[in-house]
Amino acid sequence: MSKGTVVLAYSGGLDTSCILVWLKEQGYDVITYLANIGQDEDFEAARKKAEHLGAKKVFVEDLRSEFVEDFIWPAVQANAVYEDRYLLGTAVARPCIARRQVEIARREGAQFVSHGATGKGNDQIRFELTCYALYPEVQIIAPWRIPDFYNRFRGRTDLIEYAEKHGIPVPVTLQAPWSMDANLMHISYESGILENPKSHAPADLYLMTKNPEDSPNTPDVLEIEFTNGVPVKVTNVKEGKSKDSPLDIFSYLNEIGGKHGVGRIDIVENRFIGMKSRGIYETPGGTILLNAHLDIETFTMDKEVRRIKQGLSIKFAELVYNGFWYSPECDFVRHCIAKSQENVEGKVQLSVFKGQVYILGRESPKSLYNKELVSMDVQGDYDPCDATGFIRINAVRLREHHRLQGFSSSKK
């Protein structure tokens, strides 16, 4: 008798293929769910493999457009960067994947969902917090946290032996000696030989970006147009080529950024679960957009609003990294950030060249830049004499601080 139906987040790789068979072994009816969020994968082969292994149903969902519009664009509006460097490519993808997993589970009447995330990482938290937020009564099966499972499969050799015993096709290609996660926004590399933070990344590690040394000797000049803080059009100025749908815009920026080696970082970060990990990331399109958005935002946003928004950006990045996309506080922060973007409109021209993004110029109908007011050649509607009082008022506390220091010194 079946223990119930479980929707498994499935990749077609060794781990989740073994988990599929193991779940069946435990008495569950298994529905597999594979999300296309822009990774390079043979989705049809994965579907056939799941069917061959006895999945009750197989869902392959193309989520690329909603990934860009519902998750990447809010991250762009926020200038979301975790610990000053990481653009959250994996973290923004997890709630997108888990949201559809929950929709399928509800539709299919499944009481359980499952995933192949490890017990040490962030992804288990991101997946499960999303599932609980959107389907509170769901039960989660996390095999890598179940002693019977992780004691049985202590390494890749155990998984391969299990696969061969149960007729699970094992890839004949040599596995890269590190763990990878790929989607439309980025590719991440960690674990394996990268666990020594001093070890340099092998030259053949990077798949999304060229080595800047080998990139073209002429730049690409792009014009990116924003409305409400999100890109609505990108144009290659020299070629006259334009893209104007969200998925096409982001894919094209990935292409240009990858061609010029933009968006590589090698960092040690703080996982939410409490340990430090070394990660290497390449985020070409996201890095171009971060630079362009920062520029148009500063051009069009009030100074004090922007100061508050900078704090919200840090908070948003932490919430997303820690798995709280679907939380009341993250919903509140997203709404505040969206409000701040109402006047973030205009065009930014930039050059992409040898691993760098160079801002060339910008224009906006909602610009707060007043050429006459700021000009050194025209006085404009500004009386320089006013600066005297402004400076004196700001100097009051500095003078008082100096007086206090002198008083303290004299007492000694």
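1. Helix 11 covers residues 328-340, 13 residues in total, and reaches 19 Å from its first C-alpha to its last, close to the 18 Å expected at 1.5 Å a residue. The model is a predicted one, and the points below should be read as describing that prediction.

2. The buried residues of helix 11 are Cys330, Val333, Arg334, Ile337 and Ser340. Viewed down the axis of helix 11, these buried residues fall within an arc of 120°, so they line one face of the helix. An α-helix has 3.6 residues a turn, so residues three or four places apart point the same way.

3. What do the buried residues of helix 11 pack against? Their partners are helix 3 (64-78) and helix 10 (303-321). On the other side of helix 11, Pro328, Phe332, His335 and Lys339 are exposed.

4. An open sheet is built from 4 strands in the order 6-7-12-11, and the pairing is antiparallel. Its edge strands are strand 6 (179-182) and strand 11 (264-270), each of which pairs on one side only. From one strand to the next, the twist averages 25°.

5. Within this sheet, strand 7 (residues 187-190) and strand 12 (residues 276-282) pair in the antiparallel sense over 3 bridges. Ile187 stands opposite Glu282 in strand 12. In general, strands of a sheet pair through backbone hydrogen bonds, either parallel or antiparallel.

6. The largest nonpolar core has 74 residues. Phe67, Trp73, Leu88, Ile224, Phe316 and Leu350 have the most contacts inside this core. Helix 4 (residues 89-108) supplies the largest share of the core, 9 residues.

7. Leu88, one of the residues with the most contacts inside the largest core, touches Ala80, Val81, Tyr82, Ala317 and Tyr321, not counting residues up to four places away in sequence.

8. Thr5 lies in strand 1 (residues 5-9). Is Thr5 buried or exposed? Thr5 has a relative accessible area of 9% and is therefore buried, the cut-off for buried being under 20%. Leaving aside neighbours within four places in sequence, Thr5 is in contact with Asp29, Ile31, Lys56, Ala110, Gln111 and Phe112.

Terms used
Residues are numbered from 1 along each chain as its sequence is written. This is a predicted model: local features need pLDDT of at least 70, side-chain atom pairs count only at pLDDT 80 or more; totals for chains, interfaces and linings use all residues. Side-chain values use heavy atoms; hydrogens and water are left out. Helices (H or I, at least four residues) and strands (E, at least two) are DSSP runs, numbered from the N terminus. The expected span of a helix is 1.5 Å times one less than its number of residues. Buried means under 20% relative accessible area, exposed over 50%, partly exposed in between (1.4 Å probe, protein chains only). The arc is that of the directions from the helix axis to the C-beta atoms. Contact means heavy atoms within 4.5 Å. Two strands pair if DSSP finds at least two bridges between them. Axes are lines fitted to C-alpha atoms, for helices over the stretch in contact, and angles run from 0 to 180 degrees between N-to-C directions. A nonpolar core is a set of buried Ala, Val, Leu, Ile, Met, Phe, Trp, Tyr and Cys residues joined through side-chain atoms within 4.5 Å.
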